[in-house]
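Take a look at the sequence and the fold, then read on.

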Amino acid sequence: MAVSGALPLWAASAPAVVVSGVAPTALAGFDRVLKTYITERDISCAQLAIVKNGKLVLARGYRYSSDGRAVPAVSPTSLFRIASLSKHITAAAIVRLVQDGKLTLGASVARLLGLSTAADPRLADVTVWRLLQHTGGWDSAISKDYLYLDHVIADALGVPLPITRGDIVKYASSRPLDFAPGSRYAYSNYGYMLLGLIVEKVSGQSYESYVKQKLLAPVGITRLRLGRTLRAEAAPGEVFYESRFTAKTVADPQGAVVPASYGGFNMPNRASGGGWLASAVDLVRFAKVFDAPGPVLNATSIGKIVAKPEIGLTSSGSWYGGGLWVRQVTGHLNTWHDGSLPGTYTYLARLQNGFTYAALFNRREETGSLDFDVLSPLINAEIGKVTTWPTTDLSSRYF
């Protein structure tokens, strides 16, 4: 029998979540949500950042080990792969080029990039705007996701691994579209890869350099960078990524079986559609560029990001704008997006009442794991429980 007042042995040895950063007492509920979420899903590295009325009010890093193994420290500024949260960054780059008079959203992608329309004349009808809103004509449920066909493309073109974005374009352009451009929605990583190429073609800079110069520097963000494929290439301060799956490497022709998170896909090719590294505090800071006109985007450009597509709204009343899902609520447009790769799950939302949050994880939902998509309703439920919001802005700690 345990001695009175002492913890039982199982409680004394139970793994705990180690936190860093700041979570004010008034916002402790959000902290509890994240701690429970990661322990239930055995997530070893995570972050949460919250902005309320323009002020950074919570910034947390979390690390957890269910089996006693060492997990490197996670701070609020540690870098994570953000997967498809990269898309709204690319959309902002495109509308900034439009804002500066260097591009029009109605421009033909084939004409801009010199793509042949021989395999499908409808390619001439793919516009920049249709790429932004995923109505370009590619449907991965039909033709598969070209960003995951490295071995097929290498074999078809007779080129060695790793393949390049040019190889992907050459292969995709030799095949017909899956539907008429502008006729319906189908999420397309390939479309956003093309948008990255357009940024480079029109700006005369690398995609990464343009984004850093025109979008990030004006709002004081310096940590963002494009990620790399292999663990040995990790950036300083970057977390590690976990998946129970393996894959045949796409990084070289050797054909080795590797962890899916490190060599199962090509990060440089995903750059504009899923290749950025960021922290949660960086993402909520960047989200402010969509709140009001500023040094990055003017009111017209923000309007383009959230504009309704030609196909209208979904059955739920939402629509895909430029790299963000959008829904009209009373007096406000809510925007959100998630991201997913082997070893990565991310979520970013801008909601009514001045509430913005980003949550980043180094594991995604896989067969046998609990549902990851419950994060959003859990956070939303917690918002209404806060009686007094902190007024201290934590931004100066991180920027």
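Is proline 76 buried or exposed? Proline 76 counts as buried, at 6% relative accessibility. Buried means under 20% relative accessible area, exposed means over 50%, and partly exposed lies in between (1.4 Å probe, protein chains only).

This is a predicted model, in which local features need pLDDT of at least 70, side-chain atom pairs count only at pLDDT 80 or more, and totals for chains, interfaces and linings use all residues. Residues are numbered from 1 along each chain as its sequence is written, and side-chain values use heavy atoms, with hydrogens and water left out.

**Around proline 76**

Proline 76 sits in the loop between strand E3 (55–63) and E4. Helices (H or I, at least four residues) and strands (E, at least two) are DSSP runs, numbered from the N terminus. Proline 76 and valine 19 are 57 residues apart in sequence, yet 9.5 Å apart in space, C-alpha to C-alpha. Leaving aside neighbours within four places in sequence, the contacts of proline 76 include Ser20, Gln47, Arg60, Ser279 and Tyr398. Contact means heavy atoms within 4.5 Å.

E4 belongs to an open sheet of three strands, with the order E4-E8-E5 and antiparallel pairing. Its edge strands are E4 (80–81) and E5 (225–226), and each pairs on one side only. Two strands pair if DSSP finds at least two bridges between them. E4 and E8 (residues 276–278) are joined antiparallel by two bridges. Phenylalanine 80 has alanine 278 in E8 as its bridge partner.

Strands of a sheet pair through backbone hydrogen bonds, either parallel or antiparallel. E12 pairs in the antiparallel sense with strand E11 (residues 332–341), over seven bridges. Leucine 341 stands opposite threonine 344 in E12. Two residues lie between the strands of this hairpin, and glycine 343 takes a positive phi near 90° there.

E12 also pairs with E13 in the antiparallel sense, over seven bridges. Leucine 348 has alanine 358 in E13 as its bridge partner. The hairpin of E12 and E13 has three residues between the strands.

How enclosed is E12? Eight of its eight residues are buried, so E12 is largely enclosed by the rest of the structure. Thr344, Thr346, Leu348 and Arg350 point one way, while Tyr345, Tyr347, Ala349 and Leu351 point the other way.

**The core**

The largest nonpolar core has 121 residues. A nonpolar core is a set of buried Ala, Val, Leu, Ile, Met, Phe, Trp, Tyr and Cys residues joined through side-chain atoms within 4.5 Å. Phe30, Tyr190 and Phe361 have the most contacts inside this core. Not counting residues up to four places away in sequence, phenylalanine 361 touches Leu34, Phe80, Thr344, Tyr345 and Leu375, among others.

Most residues other than glycine have a negative phi, and most peptide bonds are trans.

A cis peptide bond joins leucine 161 and proline 162, with omega about 0°. Proline 162 lies in the loop between H7 and H8.

**Two crossing helices**

Two packed helices are described by the angle between their axes and the distance between the axes. How do H7 (residues 150–157) and H8 (residues 165–173) cross, and at roughly what angle? Their axes come within 10 Å and cross at roughly 75°. Axes are lines fitted to C-alpha atoms, for helices over the stretch in contact, and angles run from 0 to 180 degrees between N-to-C directions. H7 and H8 are therefore roughly perpendicular to each other. Angles under 35 degrees count as roughly parallel, over 145 as roughly antiparallel, 65 to 115 as roughly perpendicular and the rest as oblique.

In H7, Val152, Ile153, Ala156 and Leu157 meet Asp167, Ile168, Lys170 and Tyr171 in H8.
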